[in-house]
Amino acid sequence: PVLVDRKAGYVVITLNRPDKLNAFNDDQHMVLYEALESAGMNPEMRAILLTGAGRAFCAGQDLGDRDPSKLAEGIDLGETIEKFYNPLIRLIRSLEKPVVCAVNGVAAGAGANIALACDVVLAAKSAKFIQAFSKIGLLPDSGGTWTMTRLLGEARAKGLMMTAMPLPAETAEAWGLIWRAVDDDALMREATQLAESFAAGPTVGLALTKMAVQAASNNSLDEQLELERDYQRRAGRTPDYAEGVSAFLQKRAPNFTGR
Ligand code: LHQ
């Protein structure tokens, strides 16, 4: 259900149940989590690129994976979330390397919010983000109520969530929900270039950047200034900082090693 393609310095992880629009069953959850975790632990993998096979990025939970006769008597969705979706979102946010998401087509339900949990999100112009949950009587999960509210504000977050209106990639970019919407045929080229440049980047500095930005919304300015001081102290002790400064002074391209 997931393809893992190790390149030089980064790994491409592709959701691969295209006939189900890459909707999540338990198997896809387990394999994706393992692929991300192992990329996270492998120091040679300095970036991760997540995308989907076929015409969709991901349609969220596989709604055909449940026994319909049991729905009314109450399946515990909280259990599914605790077991699969919450750990996945926490993992993406805690990986100490950039996670690029190439949204190749529709991203619906949890599929949208998994994409939005990634660090740099590119989307094909034909792709749409759909907070589909309200159509089936649920609320957005996978961090969506947190992420969307922070990125968009309550007005747009509630509007998108309560109407389930599909948001085209270009509007998502204009609203600040994603990094960039790009022409369909340029998506994988641009996403690959980004992953390659992160893979050749100062990995510790990039990881500290990610963690600092994520901490910002829960910190006061004073707390964040202290965090920046502490993280900068760590960044300043890395070989990549020494290399970056040397390269600048010698007017050459840096050769970062990720340490
Ligand atoms: C699917 C799905 C799908 C199965 C398309 N499942 N087959 C967390 C905790 C626990 C439980 C509940 O959920 C969650 C989080 C969630 O993610 S809830 C939200 C779940 N997702 C949705 O509600 C989205 C459902 N899908 C759609 O609204 C549409 O399929 C979209 C807008 C994604 C795409 O529309 P179209 O381009 O028109 O494609 P389609 O609807 O014709 O779908 C193509 C096939 O994929 C079709 O199968 P078929 O056998 O008829 O070709 C769909 O049944 C199947 N599919 N999404 N989530």
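Which backbone N or O atom lies 2.9 Å from an oxygen atom of the ligand? It belongs to A110. The structure is a predicted model, in which local features need pLDDT of at least 70, side-chain atom pairs count only at pLDDT 80 or more, and totals for chains, interfaces and linings use all residues. Residues are numbered from 1 along each chain as its sequence is written, and side-chain values use heavy atoms, with hydrogens and water left out.

An N or O atom in the side chain of R55 is 2.8 Å from an oxygen atom of the ligand, and a backbone N or O atom of A59 lies 2.9 Å from a ligand nitrogen atom. The protein buries 63% of the 1000 Å² that the ligand exposes when taken alone, with areas from the Shrake-Rupley method and a 1.4 Å probe.

Helices (H or I, at least four residues) and strands (E, at least two) are DSSP runs, numbered from the N terminus.

Strand β2 (residues 10–15) is largely enclosed by the rest of the structure, because 6 of its 6 residues are buried, that is, under 20% relative accessible area (1.4 Å probe, protein chains only). From β2, Y10, V12 and T14 point one way, whereas V11, I13 and L15 point the other way. Strand β1 (residues 2–6) pairs with β2 in the antiparallel sense over 5 bridges, pairing being assigned if DSSP finds at least two bridges between two strands. V4 has I13 of β2 as its bridge partner. The hairpin of β1 and β2 has 3 residues between the strands, and G9 takes a positive phi near 95°. Strand β3 (residues 47–52) pairs with β2 in the parallel sense over 6 bridges, and L49 in β3 is the bridge partner of V12.

The count of disulfides, defined as pairs of cysteine sulfur atoms within 2.5 Å, comes to 0. The sulfur of C101 is 4.3 Å from its closest cysteine sulfur, in C118, and is therefore too far for a bond. C101 is buried, with a relative accessible area of 0%, and C118 also counts as buried, at 7%.

Conventions: Polar contact = N/O pair within 3.5 Å; in protein donor to acceptor, adjacent residues only side chain to side chain. Buried < 20%, exposed > 50% of the residue type's maximum accessible area, 1.4 Å probe, protein only.
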